Amino acid sequence: MADLSSKNLKLAIQKEGRLTEETLEFLRKAGLEFESYKQRLFSTCKNFPLEIIYLRDDDIPDYVASGTVDLGVVGQNILYEERPKVKKLLNLRFGSCSLIIAVPKESAVSQIKDLKGKTIATTYPLSVKYFFKKNKIAVNVVRIKGSVEIAPALGVAQAIADLTSTGSTLALNDLRILTKIYESEAVLVANRKILSQVSKKIILEKLLTRFKAVLSAKNYKYVMMNAPQNLLPKIRKIVPGLKSPTISPLAKQGWITIQVVVKEDVFWQTIEKLKSLGVSSIIVLPIEKTII
Ligand code: ATP
Ligand code: ZN
């Protein structure tokens, strides 16, 4: 049973929705052990002073701002919309989506200024109003809580502004994207006062070290390969590695095996260069964590 009056840090996450699974997976990758199942209101970590509280995502910013919980995981989109008084600590690199404006495929609207005087349905009225104000276009914005994409078909609006990640729901509803308002991903936010409470700050720093280790591991791959020993100087130039590579001899005379960490953004270039040098048996493994 969780003890919410304890000195443990309290982290709010989405109870059931698009962010839930990836948030739980992220916490587990950070080495946190806890039980979680539907219907559960909170979990206590077994190996870290942390309580996990499950809430509707829209409620999380207020709970964090008021200090009912110390930390929360929410979409950046909710911060843009609600502008709660919380401190953003980390971008978590999952839950990516964009707030876009879309119109029916057959609509005559081809650019945002064609929306002047028209009605736009959205769950994010403040973000949309701000966007049109910035672009000096007068529009009507109506707030709809769910299934925004059917508003044009119902005649409620001539355009919508909604979150999308793949665009498939839009295509399914015969909508075409006009423009993007902003991009979003899951973020970790904190109550502003927790940073001045020494005991909580110490726990928070430990938690952040774990989170950052999970995030930075996403940027690297572990690569193992076999090569003739005389290629080593050339290989070293191609893959400088995180530190110096691990090199061991193979049973085959004159051959070595090399293990090295490669940055994700140069990964394919590096592999192609290695192959053209004559390196063989290249094995690539994901890295769970890097602690540097
Ligand atoms: P709740 O019941 O918690 O209020 P919800 O229906 O408001 O849930 P979800 O649809 O589960 O919210 O989305 C939660 C978050 O997931 C969004 O705020 C956004 O940050 C992110 N997200 C990622 N991809 C998408 C997408 N394609 N559509 C909507 N949200 C997305
Ligand atoms: Zn919600």
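In which sense do strand 1 (residues 9–14) and strand 4 pair, and over how many bridges? The pairing is parallel and runs over two bridges. Strands here are DSSP runs of E with at least two residues, helices are runs of H or I with at least four residues, and both are numbered from the N terminus. Two strands pair if DSSP finds at least two bridges between them. The model is predicted: local features need pLDDT of at least 70, side-chain atom pairs count only at pLDDT 80 or more, and totals for chains, interfaces and linings use all residues. Residues are numbered from 1 along each chain as its sequence is written, chains are lettered from A and ligands numbered from 1 in the order in which they are written, and side-chain values use heavy atoms, with hydrogens and water left out.

Strand 4 covers residues 71–75. Five of its five residues are buried, so strand 4 is largely enclosed by the rest of the structure. Buried means under 20% relative accessible area, exposed means over 50%, and partly exposed lies in between (1.4 Å probe, protein chains only). Both faces of strand 4 are covered. Leu-71, Val-73 and Gly-75 lie on one side, and Gly-72 and Val-74 on the other.

Five of its five residues are buried, so the rest of the structure largely encloses strand 11. Ala-186, Leu-188 and Ala-190 point one way, while Val-187 and Val-189 point the other way. Strand 11 is also joined to strand 5 by four bridges, and these two strands run antiparallel. Lys-87 of that pairing stands opposite Ala-190 in strand 11.

The C-alpha atoms of Ile-60 and Val-73 are separated by 7.7 Å, although the two residues are 13 residues apart along the chain. Ile-60 belongs to helix 2 (residues 60–66). Its relative accessibility is 0%, so Ile-60 counts as buried.

Strand 9 (residues 159–164) was examined next. Five of its six residues are buried, so strand 9 is largely enclosed by the rest of the structure. Strand 6 pairs with strand 9 in the antiparallel sense, over five bridges. Ile-100 stands opposite Asp-162 in strand 9. Strand 7 (residues 119–122) runs parallel to strand 9, and three bridges join the two. Here Ile-120 has Ala-159 as its bridge partner.

Two loop residues have positive phi values. Phi of Arg-93 is near 60°, and the residue is not a glycine. Arg-93 lies in the loop between strand 5 (87–91) and strand 6 (97–104). At 37% relative accessibility, this arginine is partly exposed. Lys-136, also not a glycine, has a phi of about 55°. It sits in the loop between helix 4 (125–134) and strand 8 (140–143). With a relative accessible area of 76%, Lys-136 is exposed.

The zinc ion (ligand 2) is coordinated by Asp-57 (OD) and Asp-58 (OD), at 1.9 to 2.1 Å. Donors are N, O and S atoms within 2.8 Å of the metal (3.2 Å for Na, K and Ca); water is not among the atoms, so sites may look incomplete. The angles among the four donor atoms of the zinc ion span 73 to 175°, and the site is irregular. Four donors count as tetrahedral if all angles lie between 85 and 135 degrees; four count as square planar and six as octahedral if opposite donors are over 155 degrees apart and all others between 65 and 115; anything else is irregular. Asp-57 is buried at 19% relative accessibility, and Asp-58 is partly exposed at 29%.

Ligand 1 has 16 residues around it, and Arg-18, Arg-56, Asp-57, Asp-58 and Asn-77 come nearest. A residue counts as near if one of its heavy atoms lies within 4 Å of the molecule or strand. An oxygen atom of ligand 1 is 2.8 Å from a polar backbone atom of Arg-18. An oxygen atom of the ligand is 2.6 Å from an N or O atom in the side chain of Asn-77. A nitrogen atom of ligand 1 lies 2.9 Å from a polar side-chain atom of Ser-165.

Key: A polar contact is a pair of N or O atoms within 3.5 Å; within protein, one must be able to donate a hydrogen and the other to accept it, and residues adjacent in sequence count only if both atoms are side-chain atoms.
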